[in-house]
Amino acid sequence: MMRAFDLLARLCALFAGLVMMAVALATCGSIVSRQFFGAALLGDFELVQVGMAFAVAAFMPLCQIRRGNIIVDFFTTRASARTRNLLDRAGCLLLAAMCGLLAWRTLLGGLSAKEYESVTMLLQFPEWIAFVAMVPPLALTALIALAQAIGAMPAAEDPAGAQHAPASR
């Protein structure tokens, strides 16, 4: 199951990277337009808002599956490996609950925005699309964290694929 989660997390991150590149191009285009034509692209900040909101949500599954979240272990450095493992699992369970709640509330926010036909001010972009686009990555992050909390918790993996224990332990 973790292999499937890993594949989905990588696809989310790939898509988030593409969205970030599009946002960067739009920002550069707006700067060039402002410099040479005296006016920025209409709604450039709206594009940045929508794109970055999605990108943040879409990078979360990969961060969680690689156990890349910041761990403050100041109080647990002298704890046994078993205690640290239990605390890590509790953290994963809390993250699963938080991301599940975020996915649920984001979905409801998107449905509400669709019902009220809420759009951005300048581009008239339907806001519900941005909300709903964030739901699958948030739900995936919740499922990954839940699987880590109740299942085998592998060592963190670096981008080269080498297995290693978290550096702080």
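Angles between axes under 35 degrees count as roughly parallel, over 145 as roughly antiparallel, 65 to 115 as roughly perpendicular and the rest as oblique. The model here is predicted, so local features need pLDDT of at least 70 and side-chain atom pairs pLDDT 80 or more, while totals for chains, interfaces and linings use all residues. Residues are numbered from 1 along each chain as its sequence is written, and side-chain values use heavy atoms, without hydrogens and water.

**Exercise 1.** Work out how helices H1 and H2 are oriented to each other.

*Solution.* Start with the elements: helix H1 covers residues 2–37 and helix H2 residues 44–65. Helices here are DSSP runs (H or I, at least four residues), numbered from the N terminus. Next, take the axes, which are lines fitted to C-alpha atoms over the stretch in contact, with angles from 0 to 180 degrees between N-to-C directions. These axes come within 8 Å and cross at roughly 155°. H1 and H2 are therefore roughly antiparallel to each other.

**Exercise 2.** Summarise the protein as a whole.

*Solution.* Count the elements: 4 helices and 0 strands. Then check burial: 31% of the 169 residues count as buried.

Methods
Helix = DSSP H or I, 4+ residues; strand = E, 2+ residues; numbered from the N terminus. Buried < 20%, exposed > 50% of the residue type's maximum accessible area, 1.4 Å probe, protein only.
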